[in-house]
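Student: I would like to learn how to read a structure like this one. Please take me through it feature by feature.

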Amino acid sequence: MLDRLQAQSPDALLALIKLHAADPRPDKIDLGVGVYRTGQGDTPVFGAIKAAERKLVEEQDSKSYLGPEGDMGFVEALMPYIFGAADPSLGGRVQGMQTPGGTGAVRLAVALAKAAGVEQVHMGTPSWPNHAQILADLPLAMAAFDHANDDGTANLDAALAAIAGAQDGDAILLHGCCHNPTGIDYTPQQWDAIAAALASSRALPIVDLAYHGLGHGMEEDVYGLRAVLAAVPEALVAYSCDKNFGLYRDRVGAFFVVASEGSQLPAIMSNANALARANWSMPPDHGGAAARLVLSDPKLTAQWQDELDTMRQRMRQVRQRLAEAGSAGSVDLTPLGIQNGLFSILPLSKEQIGKLREDHGIYMAGSGRINVAGLTMGNIDKFIAAVADVSA
Ligand SMILES: Cc1ncc(COP(=O)(O)O)c(C=O)c1O
């Protein structure tokens, strides 16, 4: 029976990692993999997480099962950062649970939406490829709209048209900040327009927040989410701690339901629990427990925020340097200065991307997506010159 399975195409980014590893050139540049890198090219464990892990080893006295909801201390400690310190539960209308990474949170959000009657999800494209894969796997229909304009800004009109055209049984999946793969976020004014449109739309908002704190700041990066939540009765939120706590392989995320009334939460969360139980039973504990310890100790919280600030500032510096270069051959680099997070897309052809790899040792996804954190003050000039060379 298993011989009926057709081979799936290999993950292109994993193939790129192998190619990069096999390249002997000492000045090769990896802009493919989606992790933060320091100016020295490392992806270190946060100091605050190391300290919390040491505490965890000392203090944890059992590894007995928790439950499908995971570590609720961790989940509740995140809420003030996401929903606001003044009223993190929005008057008792928010409840969350821990998930295996942001991927688990997205999966749970769309599966719960489907269980509640959603049949189609509107989504700006391009998007993180796994969004479409998760929808196809459930399955749920996807209705694509253009996320970006050619000039590197967000296409607000397309989002508003999708929202206006939404029917009963529709949801809309929005990136909270640091859009992957384009780096193009809605401006606060655009978010206000989206929130106002959602207020009179039938679409259920699902907000995916995978890079909180990596755009402009912890408060700034949730402007859009909070604007939407202030306008709509109900929404779902998928959250990842894998980037902003550097916990990638520990798989740390959370899923939140914002209900129109708090009294609906027990029934809604019982469905979320049942879906989690059937999918992964319960999330891995270690990374979430470490994040909880960081968030419950003011000194560690301050250290974590400092480390996050350093990451964000480094990415802003790289972006500013690219924008200041103006153009590289036929590629306009200026929009990268106003884009956010790890990623941006360069308008390069497959041939030009191949030439960058072969002639210059520069590795990037076939879509033209680059991870700006792969650039350092030591290699950025070489990168700009190489882009100019292949696109001249
Ligand atoms: C937009 C978006 N959502 C969710 C995720 C999932 O993150 P995690 O690694 O926590 O599963 C990612 C990761 O790349 C992402 O880019």
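Student: In which loop does P181 lie?

Tutor: P181 lies in the loop between strand 5 (170–175) and helix 7. Helices (H or I, at least four residues) and strands (E, at least two) are DSSP runs, numbered from the N terminus. Residues are numbered from 1 along each chain as its sequence is written. This is a predicted model, in which local features need pLDDT of at least 70, side-chain atom pairs count only at pLDDT 80 or more, and totals for chains, interfaces and linings use all residues.

Student: What is the average pLDDT of the protein chain?

Tutor: The score pLDDT is the predictor's confidence in each residue, from 0 to 100. Where pLDDT is low, the predicted coordinates should not be read in detail. Here the protein chain averages 97, and 100% of the residues score at least 70.

Student: Which peptide bonds are cis?

Tutor: Most residues other than glycine have a negative phi, and most peptide bonds are trans. The bond from N180 to P181 is cis, with omega near 20°. Another cis bond runs from L138 to P139, with omega near -10°. P139 sits in the loop between helix 5 (129–137) and strand 4 (141–146).

Student: Is C178 buried or exposed, and is S281 buried or exposed?

Tutor: A residue is buried if 20 or more other C-beta atoms lie within 10 Å of its own, exposed if 12 or fewer, and partly exposed in between, with C-beta atoms placed from the backbone. C178 is buried because 27 other C-beta atoms lie within 10 Å. S281 has 10 C-beta neighbours inside 10 Å, so S281 counts as exposed.

Student: Against which elements do the buried residues of helix 8 pack?

Tutor: The buried residues of helix 8 (residues 223–231) are Y223, G224, L225, A227, V228 and L229. They pack against helix 7 (188–199), strand 6 (204–209), strand 7 and strand 8 (252–258). Contact between two residues requires their C-beta atoms, placed from the backbone, to lie within 7 Å.

Student: How is the protein chain divided into domains?

Tutor: Domain bounds come from an automatic or database domain assignment. Domain 1 covers 10–45 + 305–391, and domain 2 covers 65–296. Their centres, taken over C-alpha atoms, are 27 Å apart. In the contact between them, 17 residues of domain 1 meet 20 residues of domain 2.

Student: Which residues come nearest to the ligand?

Tutor: A residue is near a molecule or strand if its C-beta atom, placed from the backbone, lies within 6 Å of it. Of the 13 residues around the ligand, G101, G102, T103, S240 and D242 come nearest. Helix 4 (residues 101–115) gives the largest share of this shell, 4 residues.
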